[in-house]
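Please open the structure in your viewer and keep the selection panel at hand.

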Amino acid sequence: MNIIKDRLTSLRRLMERDEIDYYLITSDDYHASEYVHDYFKSRCYMSGFTGSAGTLVIGRSWAGLWTDGRYFIQAASQLEGTGIELFKSGMPGVPSIREHLASVMSEGQTLAYDGRTVSRSFGTSLASSLEGLNIRILNSTDLVDEIWENRPAFPSEPIYLLTGKQAGASRKDKLRQLRDSLDCPLLIASLDDIAWLYNYRGDDVLYTPVAMAYTIVSKDMAALYISQDAVSADARTALEDDGIILKPYLQIYDDVSRQFGSDDSPCLQMDMDTVNEALTSLAAHPVFKANPVLMFKACKNPVEIDRIRNAHLKDGAAFTRTICRLKNLAASGDQTFITELDVSDMILSDRMDQDGFISLSFESIAASAEHGAIIHYAPTEETNIHLSRSFLLMDTGAHYWDGTTDVTRTIAMGPLTEYEKECYTAVLRGNLNLGSAVFPEGTSGQQLDCLARKQLWEMGLDYNHGTGHGVGYILSVHEGPNRISKTGSSTPLKPGMITSNEPGVYIENKFGIRLENLILCRRREHAPGFLDFETLTLVPFDRDAILPERMTREELDILNDYHARVYDCISPYLNESERTWLETATAPISKE
């Protein structure tokens, strides 16, 4: 960890030069993206922590990193020896970044950060928490760039346009829908929203098919700010034919300042959670409202839904093939000859064989035994282990030209204890009960969350992550506004929304279990005003880990119906030996 200490020392020299007392580094790019290009991984470069979420604060003689429950174990391991203190966000007694800075900063000190990587909402909350201390805030300082040797080049990969058969709605139709919702011009910075609006996909961010871009849309104008190298002649013609003006990526700053920066300028609508502070500060009359594209994009159209169903057929066949191979290895006792990285390679290989495969939708998690308790663990050369005769947790997904998938299965690679089976069965029951829920329109994910946790709560267990996130269409595997969570998910679930259903349990230093399906919200047949879910994922659960006597008859009926559907849907895509295995894996289960 000497390299991290050396980088911190170098940064502190720059802080001393510029009279900066605390320097803050987020995980964001210029667009508040969840996953970012390597160019933007300043927090990782300075801390060694590789998780997708976290904020680093560096003082003259102290440093701390805040991250959420998905990464507590991983962060503790990766920060060891760096001198960086871990703050477990949301845990009792743990101050937030704002609270900590307010408690340690003194009158007249200076806080600095790169305002292009800080959202307006976060920047405003920081300033509010420090109000009264006469703190100087510098939001145009990228100190990491001065010490980052061989920093990756800024992304600028070619975009590719979706056809009408792929998108289900034209660019003109989407712009018309958006314009009908506008009272003033709208600036959008979120990359997946822009890609959805203009029916293109990109390759600037690993696992997320988007391009670095901004857009401003008004009643009579649409301007797309994007690298000119990313747009082919054919793509340019198609976009311009639809009335879209193409401008250089960085020109957005000059245009906002010139068109919206004076007292007599029109207002400019922006989402303060996704537009960065450096950009919002240029507008004289900002109007901060939720980006309407977020909801349009979340409610998939009929073409998208049909194609996504097809993607899950392919994905179900691919992942079931992987599970079949692994279970056969476990049955023969040969699982100890392969490693977690071998499993990741297996998952990728089986998916690459599917027609229309684009890429994985996130880094595959293949976690054996105690590694499964690290919620977002992904094996590396340093952490890679051979599979043990315990649980193997696999969380994985893919982008196809038909849609995006995300699925988790935990399988037994050897004999399980009664307690391990009890835990697995409780997680399974939560998945089945949430997936079969019937609820009135207007219900939010927060109101449904307890359906997935009830059985675990009865055992004195819980999990430190949300139960469900929205999933995009050949876009981000994590999208809003729909969520299923104990807190912060008041958005009503609507027909067409696709959300994950992924309860879990994690016993530190022993094992982890997570079972995830994607579920489509739809109108309930013959019940006006009510909604339910269609389970899109088609992958069997592991009957070797199930205690039928711990399940109700209704739950067993749901499980058996699901397994029958899995077999009917994906068996035609498997070879004879795989079909034979799947027939046994999906055979009905009873209490007797």
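Next select H11 itself, residues 251-260, where Ile 252, Tyr 253, Asp 255, Val 256 and Phe 260 are buried. Bear in mind throughout that the model is predicted.

Move on to helix H16, residues 418-435. How many of the 18 residues of H16 are buried? The number is 14, so this helix is largely enclosed by the rest of the structure. Its end C-alpha atoms lie 26 Å apart, which agrees with the 26 Å that 18 residues should span at 1.5 Å a residue.

Now select Ser 500, which belongs to strand E24 (residues 498-501). Is Ser 500 buried or exposed? Ser 500 counts as buried because its relative accessibility is 0%, the cut-off for burial being under 20%. Display its side chain together with that of Glu 502: a polar contact of 2.8 Å joins the two. Leaving aside residues up to four places away in sequence, Ser 500 touches Thr 467, Gly 468, His 469, Ile 484, Glu 516, Asn 517 and Leu 518.

The next stops concern the backbone. Select Gly 480 and Pro 481, whose connecting peptide bond is cis, with omega near 5°. Pro 481 is located in strand E23 (residues 479-484).

Continue to Ala 32, in the loop between E1 and helix H2 (42-47). Although Ala 32 is not a glycine, its phi is positive, near 55°. Ala 32 is partly exposed, with a relative accessible area of 29%. Then select Asn 150, in the loop that runs between helix H6 (144-147) and strand E7 (160-161). Asn 150 is likewise a non-glycine residue with a positive phi, near 55°. Its relative accessibility of 76% is why Asn 150 counts as exposed.

Finish inside the protein, where 3 cavities of 30 Å³ or more are counted. The largest cavity has a volume of about 130 Å³. Which residues lie nearest its centre? Select Ile 25, Ser 42, Asp 114, Thr 117 and Asp 142, which hold that position among the 14 lining residues. Strand E1 (residues 22-25) provides the largest share of this lining, 3 residues.

Key. Residues are numbered from 1 along each chain as its sequence is written. This is a predicted model: local features need pLDDT of at least 70, side-chain atom pairs count only at pLDDT 80 or more; totals for chains, interfaces and linings use all residues. Side-chain values use heavy atoms; hydrogens and water are left out. On a 1 Å grid over the protein atoms alone, a cavity is a set of points where a 1.4 Å probe fits but cannot get out, and a pocket is an open set with protein on both sides within 12 Å along at least five of seven lines; lining residues have an atom within 4 Å of a point. Grid points are joined across faces, edges and corners, and a volume is the space filled by probe spheres set on the points. Helices (H or I, at least four residues) and strands (E, at least two) are DSSP runs, numbered from the N terminus. Buried means under 20% relative accessible area, exposed over 50%, partly exposed in between (1.4 Å probe, protein chains only). A polar contact is a pair of N or O atoms within 3.5 Å; within protein, one must be able to donate a hydrogen and the other to accept it, and residues adjacent in sequence count only if both atoms are side-chain atoms. Contact means heavy atoms within 4.5 Å. The expected span of a helix is 1.5 Å times one less than its number of residues.
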